[in-house]
Amino acid sequence: MAAPVTPDPVMTLDLRTPEGADGPVLSSRVLVIDKTDALAEHHVHFERLARLPQVTGVVLVAIGGIDAVLRTPSALAGVGVTLWVTGGSGVPWEGGSQRPGAGGGESTVDDLLVALRFPEVFDRVVAEVGAMPHQAASPGLAVDYATVEPAMMRALKLRALRQLVATGVAARLHDRESTELTSVVRSVTEGDATSVREGSPLHEAMARAHRELTAAARAIGRWRSWRGLVGLKKRHRVVLDRLSTAGDALLRYHRVARRALEDVDSSLADGYPPPSELLEQGLPSPAPVNSEEMADAVRKAVTTELLGGRTLPGIAEQARRLGNRLGAARSLAVTEQDAAADLQTWAHGLIAPPRVKVWPIPVTPLLPVMFLTSLLSTALPGFGAWPMLLIVPLWTGLVALLSAPCPAGADLGLVFGATVFTSVAGAATGLKSPGALSSDALIGAGVLVVLVAVSLVSAWLAWRAVAGRWRDAVPLRQAQNATKRLSDQVSRTIEQRWSPADRSRRLADSLLVVAAGVDAVAEVFGDVISGVKDTEHTFGGDSSAGLAEVLHHDLVAITLEVLRPSFDAIASRMPLSADAQRSSARAKELVAAYDDHLVQAGLRELPAFVTDDGPRRRLAETLWQGSASSRRILQLTERSRMTQLCAAEDVRLLQADNARIVHFASADMDLPPVDAGCDEIIRTRGDAVGALRLTPILARYVERAVHAQGDQR
């Protein structure tokens with residue numbers, strides 16, 4: 001029994017590089033790759049291929065744009081065909097009169113080369129395009145892969161490594177500020193207690209300051225009433241005593257609070273004074289540290305960030321920044337010192353308030369009222385000069401009440417002199433024209449009473465003005481606001497610095513240890529990238545997002561495995577210190593083991609350090625054995641949407657009506673039912689399933705380039 005005939009493999013000649021055409025041609029099928037603008041100068045190579053007796057078919061993939069027409073090598077007439085692609089990502093197109101879709105295509109030129117390296121697909125392309133005008137066509141492609149060729153594996157792994165260690169503009173999309181790590185910091189730094197302990201010196205000083213300020217405000221309020229007006233100096237003395245007491249309370253509170261804030265800084269930075277002294281002053285006990293919960297929170301945050309696409313340098317930089325901020329020696333007490341520094345000034349302003357003043361205001365505005373009431377009172381008929389004996393002493397007494405809180409001085413002489421002069425002048429003026437108002441004595445008496453009332457009300461309003469201006473001059477409101485700011489600062493310092501001090505210190509050390517470990521992994525990954533030759537990662541045909549996800553998750557798992565000793569140390573109560581050398585050695589060991597695993601066991605097997613098999617299960621679901629995409633590809637026709645490997649503006653150069661479709665799939669694939677009339681599916685020994693659409697180029701845009709014998713070089 002004869003052995004089954006194995007078709008010759010497809011040999012690839014890449015004329016884009018000087019060494020691409022070197023070496024003997026040992027196969028009957030030759031796949032040639034060249035640039036459109038270099039076809040003419042490479043006609044010697046095409047003629048050599050055409051003369052070789054063993055060569056039965058040539059597929060030329062011409063990459064690049066064309067000026068007016070595509071000039072295909074005349075030497076390949078009868079033996080080879082041309083597939084023209086413009087490079088780039090291609091465009092989605094349905095192969096008819098519709099315009100191409102927006103965006104780039106899913107398949108690439110590299111996918112086309114993979115398909116053409118299958119001998120059966122190669123032969124079908126030669127046959128189909130050979131029947132087209134000028135034996136030239138533009139390919140469209142939809143392809144999916146069951147497994148990954150080594151070139152694709154290297155390309156995707158290298159891409160995943162580069163994404164993880166990217167910096168600068170390349171990482172900007174993924175390295176936006178993390179919310180996971182900041183949420184860990186926020187939860188850890190929330191203290192259990194934010195107020196001072198009752199009965200402590202700090203609490204007593206704070207309570208007394210607030211209490212005395214409230215009492216002083218009430219005393220000023222009472223002083224502005226009628227009781228303050230008739231209370232002469234006694235009532236004012238009570239107000240002054242209250243203000244002085246409040247000022248003393250503020251000074252004491254300021255001393256106690258500032259000492260506590262400064263001791264918090266010193267204790268957290270240098271360990272002195274010890275926490276016991278701060279507890280005696282009134283601060284609450286620091287919140288306890290749960291190392292296990294902290295380690296779990298940090299591990300989950302780092303894992304979430306890595307799986308979400310964050311880069312290693314981005315995570316390390318943020319963890320280091322947060323750790324340094326938490327470990328800063330100074331607290332809010334120093335940076336906000338000026339917020340309550342003026343409290344002492346306001347306190348001294350309460351102890352020595354400004355003088356009460358009645359001259360020139362409000363006595364000066366009262367002078368017209370004095371004059372008119374004195375004039376009207378003596379102008380009443382039937383009373384003569386007697387009302388003068390009432391009005392003048394009345395005004396003198398009222399002004400004396402207004403001036404009672406004022407210190408003795410030249411201003412009081414002016415006040416009383418102006419009062420007596422104005423009231424007497426008004427009364428004398430009224431005596432010159434008596435009876436001007438009425439001849440009824442009873443009405444005159446009523447008018448006199450009204451005048452007295454007007455005098456009293458005017459004096460009351462003047463008193464309110466005196467007391468109000470003095471109250472505004474006293475820095476009571478400023479002292480209250482400064483006291484509130486100082487109290488808020490104490491509470492904030494307790495909440496943000498003191499209460500979570502132990503937690504913050506532990507978290508700061510933890511973040512710095514994690515940052516050092518991540519940096520070590522990034523350095524090892526960078527060394528792997530720099531050690532790869534350019535020829536090893538030129539493949540760009542990633543048509544499986546599931547594969548990229550598996551590789552990314554595996555590299556993340558390597559990172560987490562390197563960090564596992566750090567997480568264990570965080571969960572313990574032992575002091576933390578970064579060990580970059582250990583992390584680097586462990587990362588190198590895991591990278592080498594992972595490479596061996598991919599070679600020996602393949603990608604589908606779970607590495608020892610990977611515990612989450614979800615990405616692999618998702619990849620298996622998308623492979624062509626059970627994937628809807630593979631079945632869909634085998635159902636595609638000439639008018640189906642796929643990636644046309646040309647620019648959008650070049651679709652007009654194609655003759656869509658005469659396109660042909662070539663389907664191919666692995667020999668061991670369970671073929672789905674296909675539509676009636678669909679071309680026979682080519683069975684290959686590869687791991688790809690695809691549909692290749694061959695669309696002729698309009699005759700006026702393609703011609704054979706004829707070269708004379710003398711042109712050969």
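Is Pro201 buried, partly exposed or exposed? With a relative accessibility of 39%, Pro201 counts as partly exposed; the scale here, using a 1.4 Å probe and protein chains only, calls a residue buried under 20% relative accessible area, exposed over 50% and partly exposed in between.

Before moving on, a word about what you're looking at. This is a predicted model, where local features need pLDDT of at least 70 and side-chain atom pairs count only at pLDDT 80 or more, while totals for chains, interfaces and linings use all residues. Residues are numbered from 1 along each chain as its sequence is written, and side-chain values use heavy atoms, with hydrogens and water left out.

**Stop 1: Pro201**

Keep Pro201 selected and colour helix H6, residues 201-223, where Pro201 lies. Helices (H or I, at least four residues) and strands (E, at least two) are DSSP runs, numbered from the N terminus. Setting aside neighbours within four places in sequence, Pro201 is in contact (heavy atoms within 4.5 Å) with Arg252, Val256, Glu280 and Gln281.

**Stop 2: the whole protein**

Zoom out and switch to cartoon view. The protein has 23 helices and 12 strands. Of its 713 residues, 48% count as buried. Take the contacts between residues at least 6 apart in sequence: 80% of them join residues at least 24 apart.

**Stop 3: Ser28**

Select Ser28, in the loop between strand S1 (10-14) and strand S2 (29-35). Ser28 is buried, at 11% relative accessible area. Show its partners too: not counting residues up to four places away in sequence, Ser28 touches Asp8, Gln54, Val55, Thr56 and Gly57.

**Stop 4**

Go back to Val59 and show what surrounds it. Leaving aside neighbours within four places in sequence, Val59 is in contact with Val30, Leu31, Val32, Val81, Leu83, Leu116, Phe122, Val125 and Val126.

Leu116 is also one of the buried residues of helix H2. Select H2, residues 109-116: it is mostly covered, with 7 of its 8 residues buried.

**Stop 5: H19 and its partners**

Two packed helices are described by the angle between their axes and the distance between the axes. Select H11 (residues 312-326) and H19 (residues 501-530): their axes come within 8 Å and cross at roughly 155°. Axes are lines fitted to C-alpha atoms, for helices over the stretch in contact, and angles run from 0 to 180 degrees between N-to-C directions. H11 and H19 are therefore roughly antiparallel; angles under 35 degrees count as roughly parallel, over 145 as roughly antiparallel, 65 to 115 as roughly perpendicular and the rest as oblique.

Among the residues making this contact are Leu312 and Ala316 of H11, with Leu511 and Phe525 of H19. By class, the contact has 15 nonpolar, 3 polar and 2 charged residues. Ala, Val, Leu, Ile, Met, Phe, Trp, Tyr, Cys and Pro count as nonpolar, Asp, Glu, Lys and Arg as charged, and the others, Gly among them, as polar.

Ser291, Met294, Val298 and Val302 of H10 meet Arg503, Arg506, Leu507, Ser510 and Val514 of H19.

**Stop 6: His134 and Gln135**

Finish at the loop between helix H3 (119-130) and strand S7 (136-145), where you'll find His134. Although not a glycine, His134 has a positive phi of about 60°. Gln135, in the loop between H3 and S7 too, has a positive phi of about 50° and is not a glycine either. His134 is partly exposed at 28% relative accessibility, and Gln135 is partly exposed at 21%.
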